[in-house]
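Visitor: I would like to learn how to read a few features of a protein model, one at a time. Please give me the general idea before each case.

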Amino acid sequence: IAACPPHMTGMLCDWPVCENGKVESSTRECICNDGFALPHCTNCVSTRWGANCDKEYSRPRASLPTVPYLPEVLVFIIISIVFIALASMVRQFCKRGNDRDEQERMPPPAYEVIAKFDQPPPYVP
């Protein structure tokens, strides 16, 4: 008597061996226990795992869509914000310096005072 191929038995090797299930006699197909996959109930279905195929894979969480060059864009935005803030600070600093100079300056003398002392030199022939 010749040996039957794996997972087959019977005089004519026409009965399947269902490791984790039973054979339906009318169709000679396996009816697998919960979690096991056809054809011979040896492996788990795609959503299960474990020795008894009793553990389910968790469903993947929806992920945010990826944006190409996102890190580069974020770095550019941050650098731009820092540059604008620094420019504003420099402008305020320079403006305060001009205000301080104007406050510390003495007003110019009146025109009459300037005209009295600011005469051209005498003409010598």
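Predicted model: local features only at pLDDT ≥ 70, side-chain atom pairs only at ≥ 80, totals over all residues.

Visitor: How many disulfides does the structure hold, and what pattern do they follow?

Guide: A disulfide is a pair of cysteine sulfur atoms within 2.5 Å. The structure holds four of them, and, with bonded cysteines counted along the chain, their pattern is 1-2, 3-4, 5-6, 7-8. Among them are C4 with C13, at an S to S distance of 1.9 Å, C32 with C41, at 2.0 Å, and C44 with C53, at 1.9 Å.

Visitor: Why is the disulfide of C32 and C41 called left-handed?

Guide: The torsion about its S-S bond is about -90 degrees, so the disulfide of C32 and C41 is left-handed. The link of C44 and C53, with -90 degrees, is left-handed, and for C4 and C13 the torsion is about -80 degrees, so that disulfide is left-handed.

Visitor: Are C41 and C44 buried or partly exposed?

Guide: Buried means under 20% relative accessible area, exposed over 50%, and partly exposed in between, with a 1.4 Å probe and protein chains only. C41 counts as buried because its relative accessibility is 0%, whereas C44, at 25%, counts as partly exposed. The partner of C44 is C53, and C53 is buried at 1%.

Visitor: Which residues make up the largest nonpolar core?

Guide: In soluble globular proteins, nonpolar side chains tend to be buried together. A nonpolar core is a set of buried Ala, Val, Leu, Ile, Met, Phe, Trp, Tyr and Cys residues joined through side-chain atoms within 4.5 Å. The largest one here has five residues, C18, C30, F36, C41 and C53. Contact means heavy atoms within 4.5 Å, and, leaving aside neighbours within four places in sequence, the contacts of C30 include C18, L38 and C41.

Visitor: Where is E19 placed, and what does E19 touch?

Guide: Strands are DSSP runs of E with at least two residues, numbered from the N terminus. E19 is in the loop between strand 2 (15-16) and strand 3 (21-24). Not counting residues up to four places away in sequence, E19 touches H7, H40, C41 and T42.

Technical notes:
Residues numbered from 1 in each chain as written. Heavy atoms only, no water. Helix = DSSP H or I, 4+ residues; strand = E, 2+ residues; numbered from the N terminus.
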